[in-house]
Amino acid sequence: MMDYSKVLNPAVCEIKPSGIRKFFDIAATMNDVISLGVGEPDFETPWKIRKAGISSLERGKTKYTSNSGLIALRKEISNYLYRKCNVSYEPESEILISVGGSEAIDAAIRAVVSAKDEVIIPEPSYVCYEPITTLAGGVPVVIETKAEDDFKLTKKQLLSAITDKTKALILPYPCNPTGAIMEKEDLEEIASVLRDKNILVISDEIYAELTFGGKKHVSIASIEGMKDKTVIVNGFSKTFSMTGWRLGYAAGPKEIIKQMTKIHQFAIMCAPTTSQYAAVEALKNCEEDVLSMLKEYDRRRKLMVSTFNEIGLTCREPKGAFYAFPSISSSGLSSDEFCERLLKEKHVALVPGTAFGKGGEGFIRASYCYSPEHIIEALKRTKEFLDTL
Amino acid sequence: MKSEILKLLAKNARYSVSDLAKMTSLEQAQVEALIKELEEEGLIKGYKAVVDWDKLEDAYVSAIVELKVVPKADLGFEEVAERIASYKEVESVYLMSGVYDLNVVVKGKTLQDVANFVSKELAPIDSVTSTATHFVMRRYKELDVAFFKKEDDRGQFLL
């Protein structure tokens with residue numbers, strides 16, 4: 001008999017399973033669930049990009065690339081970051097192609113965190129930062145961003161979280177699930193705290209292209225004095241609807257990228273070759289495709305936000321990503337109860353805000369990666385549910 | 001804004017005024033006024049359901065008929081095109097570039113009905129010099145609507 005507790009890593013076993021597991025089980029018993037629960041574009045990858053992937057296969061591009069990724073792609077990323085964020089990175093030494101943005105986040109955290117080091121994580125936010133920090137032996141220090149601050153990270157909160165053990169700050173904007181963005185003046189405030197400190201900013205900018213209402217994403221790396229303290233993490237999944245291709249990247253100081261590349265080399269070898277060839281096409285020729293997807297997201301965003309407000313769930317305007325994050329306080333239910341009852345009673349799947357950290361209590365996340373018809377039906381059922389309360 | 005409303009209605013003519021208003025950030029009254037204008041200006045020609053008739057027992061048959069036509073000196077193709085368009089059997093009429101002139105979609109209860117219509121009504125028209133009839137065997141997509149199921153294969157929850 002094998003005693004698995006003797007072999008398993010306690011740090012892994014102690015990671016809590018996601019709070020939405022039970023919803024999977026409930027949803028699995030129903031065949032007419034209408035979901036707003038998916039954080040993934042519903043568009044297929046633009047055909048040009050798929051064709052570039054296919055063509056690379058036809059030309060026999062089926063081998064490993066260099067550990068850091070195709071130089072042609074790193075050059076395109078460098079051009080792209082200069083174009084979009086006004087920061088320049090050396091393709092040879094300051095860019096690493098990863099398996100999705102996720103791998104770059106993992107490598108960045110592991111490159112800087114050792115035992116007992118602290119990583120500051122603003123929440124509600126994407127779920128990976130805490131467990132990765134813990135697995136690296138570090139200590140997650142959570143900052144709960146507030147609705148009244150539009151879920152932005154404030155200078156005051158940051159100051160009170162920093163200790164002499166702080167190694168890194170995660171900056172997850174535009175933010176999943178809150179839809180918050182950090183504007184230039186917000187970032188200036190953060191930069192003023194960090195400029196004279198040895199703290200690495202891991203800026204998760206995976207939703208950088210998805211901002212609305214004329215607000216363009218600003219990277220903290222473009223703020224004076226911050227480039228050498230920042231690793232930008234981005235990827236192709238959200239912008240180009242390429243989730244299944246698993247391709248992302250990190251751009252940052254060569255001293256950090258060099259160490260991240262070692263981790264990447266031993267864990268991964270290199271990112272998928274087909275995806276890398278496809279991604280070159282994405283960066284070169286797909287600006288229009290991105291714009292037309294953005295326009296469609298914007299219609300859905302407006303539809304969803306207005307409807308939530310109309311049915312009595314107060315919803316701030318999300319300025320980035322593709323989620324609405326309405327308050328459910330008017331229902332008198334907790335996020336978890338709300339989502340469980342809505343699923344059981346009306347077969348609508350939403351994600352409780354608490355899945356993204358304790359600070360998400362009182363909120364739900366609704367993705368608008370769905371057709372308007374789908375959104376209209378889901379919110380119609382949500383209204384019926386609210387009327388029964 | 002008109003073209004925005006048109007695009008949305010072309011996708012789904014049954015969007016409510018309230019949903020259109022939300023998607024375009026307009027007031028409902030503005031949306032109503034715009035739709036009325038679009039109708040009056042003849043930009044919106046009608047609202048119809050997209051039907052997969054093949055699912056019905058009494059499905060109809062349709063054919064694409066390519067017509068070569070001698071245009072009239074001063075009327076061009078207009079006169080004959082309008083005449084052909086006035087038949088209830090005719091679903092659409094297009095003037096084409098290329099080797100033939102008019103593309104006419106004809107429908108009927110049976111193959112025989114369509115064949116009769118072509119030979120008795122279209123072919124004898126004076127200016128029509130030839131016809132070629134292609135029967136539709138199966139419809140896969142009409143008016144942007146695919147008739148086959150495309151599953152959303154994403155999970156129900158994904159953080």
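Q: Does Asn86(A) count as buried or exposed, and why?

A: A residue is buried if 20 or more other C-beta atoms lie within 10 Å of its own, exposed if 12 or fewer, and partly exposed in between, with C-beta atoms placed from the backbone. Asn86(A) counts as exposed because it has 11 C-beta neighbours inside 10 Å. This is a predicted model, where local features need pLDDT of at least 70, side-chain atom pairs count only at pLDDT 80 or more, and totals for chains, interfaces and linings use all residues. Residues are numbered from 1 along each chain as its sequence is written, while chains are lettered from A and ligands numbered from 1 in the order in which they are written.

Q: What is the phi of Asn86(A), and in which loop is Asn86(A) found?

A: Phi is near 60°, a positive value in a residue other than glycine. Helices (H or I, at least four residues) and strands (E, at least two) are DSSP runs, numbered from the N terminus. Asn86(A) sits in the loop between α5 (71-85) and β3 (95-98) of chain A.

Q: Where does Met269(A) lie?

A: Look in the loop between α10 (254-267) and α11 (273-285) of chain A. Met269(A) is not a glycine, yet its phi is positive, about 75°. Met269(A) counts as exposed, because it has 11 C-beta neighbours inside 10 Å.

Q: Which residues does a cis peptide bond join, with omega about -5°?

A: Tyr173(A) and Pro174(A). Pro174(A) is in the loop between β6 (166-171) and α9 (184-194) of chain A. The peptide bond from Glu123(A) to Pro124(A) is also cis, with omega near 0°. Pro124(A) belongs to the loop between β4 (118-123) and α7 (129-135) of chain A.

Q: How many residues has the largest nonpolar core?

A: A nonpolar core is a set of buried Ala, Val, Leu, Ile, Met, Phe, Trp, Tyr and Cys residues joined through C-beta atoms within 7 Å. The largest has 123 residues; Ala108(A), Ile109(A), Ile202(A) and Ala250(A) have the most contacts inside it. Helix α6 (residues 100-112) of chain A gives the most to this core, seven residues.

Q: Which residues does Ile109(A) touch?

A: Two residues are in contact if their C-beta atoms, placed from the backbone, lie within 7 Å. Leaving out residues up to four places away in sequence, Ile109(A) touches Val119(A), Ile132(A), Thr133(A), Ala136(A), Ala168(A) and Ile202(A).

Q: What share of the residues in chain A is buried?

A: Buried residues are 51% of the 389 in chain A.
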